[in-house]
Amino acid sequence: QYASRQSVFAALRRWKQVDIAITESFNEAKDNVKYLTTLDKFIEPLYTGGPTTIIDALPALMSSVKMIHTIARYYNTTERMTGLFAKITNQMI
């Protein structure tokens, strides 16, 4: 019976670790969506506008990206910001 209790406790510990990891991933995804959706209105001109419209939209877009870099808990890593800038510049080309 001692061994079965130990295995139950081990399973519960593992379950708790998995639960924490899933919760952290969920919170990261929710946070990322929250910040990235703030860019929608600034990125739209990159898809629909001409050169002048794109140039006019850039200051607000860069300000929003700076805000994300400063405030976002998960999205402010070098890798994610580099990927974001790559996507923005690719759309501008």
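Arginine 80 is partly exposed, at a relative accessible area of 28%; buried means under 20%, exposed over 50%, and partly exposed in between (1.4 Å probe, protein chains only). The model is predicted: local features need pLDDT of at least 70, side-chain atom pairs count only at pLDDT 80 or more, and totals for chains, interfaces and linings use all residues. Residues are numbered from 1 along each chain as its sequence is written, and side-chain values use heavy atoms, with hydrogens and water left out.

**Salt bridges**

- There are 3 salt bridges, each a side-chain nitrogen of Lys or Arg within 4 Å of a carboxyl oxygen of Asp or Glu.
- Arginine 80 pairs with glutamate 28 at 2.5 Å, N to O.
- Arginine 80 sits in helix α4 and glutamate 28 in helix α1, so this pair ties together parts 52 residues apart in sequence; helices are DSSP runs (H or I, at least four residues) numbered from the N terminus.
- Glutamate 24 forms a salt bridge with arginine 73, with the closest N and O atoms 3.9 Å apart.
- Glutamate 24 belongs to helix α1 and arginine 73 to the loop between α3 and α4, so the pair ties together parts 49 residues apart in sequence.
- Glutamate 24 is partly exposed at 34% relative accessibility, whereas arginine 73 is exposed at 59%.
- Aspartate 31 bridges to lysine 34, the closest N and O atoms being 3.8 Å apart.
- Both of these residues, aspartate 31 and lysine 34, lie in helix α1, 3 residues apart, about one turn of the helix.
- Aspartate 31 is buried at 13% relative accessible area, while lysine 34 is partly exposed at 47%.

**Helix α4**

- Met81, Leu84 and Ile88 are the buried residues of α4.
- These buried residues fall within an arc of 60° seen down the axis of α4, so they line one face of the helix; the arc is that of the directions from the helix axis to the C-beta atoms.
- The face of α4 turned away from its buried side carries the exposed residues Thr78, Glu79, Lys87 and Asn90.

**Nonpolar core**

- The largest nonpolar core has 14 residues, and Leu39, Leu61, Val65, Ile68 and Leu84 have the most contacts inside it.
- Such a core is a set of buried Ala, Val, Leu, Ile, Met, Phe, Trp, Tyr and Cys residues joined through side-chain atoms within 4.5 Å.
- Helices α2 (40-48), α3 (51-71) and α4 each give two or more residues to this core, and α3 supplies the largest share, 4 residues.
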